[in-house]
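Please read the paragraphs below with the sequence and the model side by side.

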Amino acid sequence: MRQILVEMARARNAGKRGPGERVLLADAPDLGPQSDESILALDEALERLERKDPLKMKLIEMRYFGGMTAEESADVLATSVHYVRRELRLAQAWLRKEMAR
Amino acid sequence: VNTRVEEVFHNVADLSLEARSRYFSDHGVEGDTRREVEALLVFDSGKSDILLRDISAAASRALPQLEMNGWFCGPYRLLQLIGRGGMGAVYLAERADGEVTQRLAVKVLPPGAGASQHERFLKERQILASLVHRILLACWMPVTSTMDVRIWRWNTSRVSPSTFSRPV
């Protein structure tokens with residue numbers, strides 16, 4: 001899901017950047033530039049998070065791109081809901097901090 | 001984020017400002033560790049998660065409109081969107097691994113489908129598995145855990161896509 005959103009955002013961004021570049025996904029619904037930039041920035045931040053802490057990145061992906069609840073993530077990863085919530089809380093703070101830079 | 005920072009973060013996140021400073025001095029949390037914890041706490045907004053909420057809203061608006069024509073699901077290539085509803089999308093597809101020539105309908109759960117949708121999907125599969133009809137040879141396979149796909153094999157010479165969009 002993350003890939004789909006990022007590709008859609010990239011395609012639209014490319015179209016905006018210059019006449020030489022064509023929009024690859026002409027039918028991609030336009031979510032406005034704000035959304036595109038957010039998604040691309042988030043994608044970059046997630047790549048950094050993955051290098052630091054792959055589990056936290058996974059949890060963020062499950063939560064925001066997979067729509068999974070803490071219970072569902074805990075189930076998939078065979079861990080406790082408490083642990084998932086803790087990890088997510090820190091991962092969210094870290095991400096917001098990264099994206100605010 | 002190192003483990004010490006994480007530990008301190010969790011220990012002080014729910015404390016008042018005064019209690020936090022007390023914790024820092026009592027536990028000798030100084031320098032880089034303290035600065036990093038404090039920087040993270042600024043962004044520990046708890047309730048308002050505006051940016052990420054916007055992104056999931058953007059995702060939920062964009063993804064249902066996504067057409068997966070040309071995508072692969074296991075050995076099948078999705079050719080054309082036949083119909084879409086709250087429970088997923090159905091595509092005309094063909095077998096693309098060179099094993100046999102075959103056209104099918106493939107149903108894909110909507111992006112981010114929850115546990116209840118998944119459960120209903122599985123029930124539908126069971127119903128389909130027990131149906132016997134000359135135009136319907138039911139079969140199904142899970143492709144990945146995030147993209148469940150159900151497959152109807154049907155005789156394309158007898159069943160048009162519009163017939164298919166109102167299944168049995």
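Of the 168 residues that make up chain B, 36% count as buried. The model shown here is a predicted one. Chain B contains 6 helices and 6 strands. Read from the N terminus, its elements follow the order α-α-α-α-β-β-β-β-α-β-β-α. Among the contacts in chain B with a separation of 6 or more, 39% are between residues 24 or more positions apart.

Chain A has 5 helices and 0 strands, so its elements from the N terminus on read α-α-α-α-α. Chain A has 101 residues, and buried residues make up 49% of them. For contacts in chain A with a separation of 6 or more, the share that comes from residues 24 or more positions apart is 54%.

Helix α1 of chain B, residues 3–12, packs with α3(B) at an angle of about 50 degrees, and the two axes are 9 Å apart. Because of that angle, α1(B) counts as oblique to α3(B): an angle under 35 degrees would count as roughly parallel, and one from 65 to 115 as roughly perpendicular. The crossing in which α1(B) passes α3(B) is right-handed. On the side of α1(B), the contact is made by R4(B), V5(B), V8(B), F9(B) and V12(B); on the side of α3(B), it is made by T33(B), E36(B), V37(B), L40(B) and L41(B). Sorted by class, this contact of α1(B) with α3(B) has 7 nonpolar, 1 polar and 2 charged residues.

Chain A has a helix pair that can be described in the same terms. Helix α3 of chain A, residues 54–65, and α4(A) have axes that come within 10 Å and cross at roughly 130 degrees. The two helices, α3(A) and α4(A), are therefore oblique to each other, since an angle must be over 145 degrees to count as roughly antiparallel. Their crossing is right-handed. The residues that make the contact are L55(A), L59(A) and M62(A) from α3(A), together with S73(A), V76(A) and L77(A) from α4(A). By class, the contact of α3(A) with α4(A) has 5 nonpolar residues, 1 polar residue and no charged residues.

Is A78(A) buried or exposed? A78(A) is exposed, because its relative accessible area is 72% and the cut-off for exposed is over 50%. Its backbone also deserves a look. Most residues other than glycine have a negative phi. A78(A) is not a glycine, yet its phi is positive, at about 50 degrees.

With 20 residues at 1.5 Å a residue, α5(A) should span 28 Å, and its end C-alpha atoms are 28 Å apart, which agrees. Buried residues in α5(A) include V84(A), E87(A), L88(A), L90(A), W94(A) and L95(A). A93(A) and R96(A) are also buried in α5(A), and both are in contact with D44(B).

Where does D44(B) sit? D44(B) is in the loop between α3 (31–42) and α4 (50–62) of chain B. D44(B) counts as buried because its relative accessible area is 15%, and the cut-off for buried is under 20%. Leaving aside neighbours within four places in sequence, D44(B) is in contact with R89(A), A93(A) and R96(A) of chain A, and with F9(B) and A13(B) of chain B.

Another aspartate, D43(A), is found in helix α2 of chain A, residues 33–52. At 7% relative accessibility, D43(A) counts as buried. Apart from neighbours within four places in sequence, D43(A) is in contact with R2(A), V6(A) and R10(A).

Which residues is Y23(B) in contact with, leaving aside its neighbours within four places in sequence? They are V8(B), N11(B), V12(B), L15(B) and V29(B). Y23(B) and N11(B) are 12 residues apart along the chain, and their C-alpha atoms are separated by 8.6 Å. V8(B) and V12(B) also belong to the contact that α1(B) makes with α3(B).

Conventions: Residues are numbered from 1 along each chain as its sequence is written. Chains are lettered from A and ligands numbered from 1 in the order in which they are written. This is a predicted model: local features need pLDDT of at least 70, side-chain atom pairs count only at pLDDT 80 or more; totals for chains, interfaces and linings use all residues. Side-chain values use heavy atoms; hydrogens and water are left out. Helices (H or I, at least four residues) and strands (E, at least two) are DSSP runs, numbered from the N terminus. Buried means under 20% relative accessible area, exposed over 50%, partly exposed in between (1.4 Å probe, protein chains only). Contact means heavy atoms within 4.5 Å. The expected span of a helix is 1.5 Å times one less than its number of residues. Axes are lines fitted to C-alpha atoms, for helices over the stretch in contact, and angles run from 0 to 180 degrees between N-to-C directions. A crossing is left-handed if the near helix is turned anticlockwise from the far one by less than a right angle, and right-handed if clockwise. Ala, Val, Leu, Ile, Met, Phe, Trp, Tyr, Cys and Pro count as nonpolar, Asp, Glu, Lys and Arg as charged, and the others, Gly among them, as polar.
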